[in-house]
Amino acid sequence: MTSRGRRDHADDPGPLAGRVAVVTGAARGLGRGLAYALAQRGARVALVGLEAERLARVAADLPGEARSWAVDVSDAGGLAVAAQAVRRTLGSPSVVVANAGVALGGPLLDCETDAWRRVIDVNVVGSALTARCFLPDLLRTRGYFLQVASMAALAPAPLLTAYCASKAGAEAFAHALRAEVAHRGVDVGVAYLNWADTAMIRAADETAVFRELRSHLPWPTSVVHDPDHYVRSMLRGIEHRSAHIYDPPWLRGTQAARSLLPLVVARRSRRVLAARGEAPLPPTGLLGPGGAAARPAPTGGPDPHPQLRPRE
């Protein structure tokens with residue numbers, strides 16, 4: 001449930017020293033890396049996610065005071081309880097990072113309904129509930145909320161309908177929240193990131209869907225980057241309370257051209273997918289170990305609509 005880390009941290013902790021920071025999806029990948037970076041800068045870190053034992057180990061390894069709470073970010077009641085525990089044990093957060101996310105790929109008609117919905121629940125609903133549960137603290141501390149988005153919010157791609165919809169929705173939510181709370185001293189940022197070398201992306205690259213998708217992406221959109229690079233960018237953004245974080249930097253240009261991108265992607269996809277003919281692209285299911293942890297619980301009976309397309 002909880003874990004306490006060592007107290008040593010960097011000699012020059014910066015503006016985060018003594019602050020409380022919450023990171024969701026902190027068991028692995030970008031969330032784990034960011035939790036460590038925040039702790040190095042002197043923050044007391046609350047790690048939130050689904051994998052209890054892994055979260056506890058990460059918290060124990062942080063170079064500073066840390067606690068972990070195993071909770072599903074789409075569970076409003078559980079997240080509210082965790083938020084109360086964070087403020088009781090660590091204090092009111094000044095930084096909240098909505099990083100938790102899952103993905104699946106495949107043609108819309110073939111994706112399992114529950115898995116498709118789960119992406120929306122975690123990536124959009126989970127982000128909104130994270131903000132709502134910790135907003136009283138951010139109002140009290142005049143803090144900063146960071147929404148982790150993706151290039152997928154700027155340039156929607158075929159075979160990623162749930163992921164693109166969720167990241168665009170999370171981006172729009174963060175923009176709306178910024179306008180709602182700015183006059184009360186709370187800043188809201190959005191981090192636009194490209195592919196990161198995480199367990200989720202490595203699992204994706206083993207599937208036919210993502211091999212097909214990535215093989216037709218033009219450089220530099222196909223390049224996979226070291227997660228530590230993104231962590232450093234997000235840390236700078238947090239310290240400067242940035243409204244937007246673009247990494248790689250060329251994504252800023254994608255933002256400027258986003259009104260044209262759906263047409264460009266649709267034209268290219270029409271040619272690429274037509275060339276495949278009837279060759280199947282089976283859906284991936286929720287990707288990676290994080291996706292396995294977030295897998296929807298069985299409903300107790302057969303699903304009358306296991307896919308968005310009825311079986312013939």
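**View 1. Helices α1 and α8 cross at roughly 50 degrees, with their axes coming within 9 Å.** The angle makes α1 (residues 29-40) oblique to α8 (residues 227-239), since oblique is what remains once under 35 degrees is called roughly parallel, over 145 roughly antiparallel and 65 to 115 roughly perpendicular. On the α1 side, L30, G33, L34, A37 and L38 make the contact (heavy atoms within 4.5 Å). They meet P227, Y230, V231, M234, L235 and I238 of α8. By class, that's 10 nonpolar residues, one polar and no charged ones, with Gly counted as polar. The crossing is right-handed, with the near helix turned clockwise from the far one by less than a right angle.

This is a predicted model, so local features need pLDDT of at least 70 and side-chain atom pairs pLDDT 80 or more, while totals for chains, interfaces and linings use all residues. Numbering starts from 1 along each chain as its sequence is written, and side-chain values use heavy atoms, leaving out hydrogens and water.

**View 2. Helices α4 and α5 pack with their axes 8 Å apart.** Here α4 (residues 113-141) and α5 (residues 161-181) sit at about 15 degrees, which makes the pair roughly parallel. This crossing is right-handed too. From α4, the contact residues include W116, I120 and L135; from α5, they include Y163, K167 and F173. The tally is 14 nonpolar, five polar and one charged.

**View 3. Zooming out, the protein has 11 helices and seven strands.**

Terms used: Helices (H or I, at least four residues) and strands (E, at least two) are DSSP runs, numbered from the N terminus. Axes are lines fitted to C-alpha atoms, for helices over the stretch in contact, and angles run from 0 to 180 degrees between N-to-C directions.
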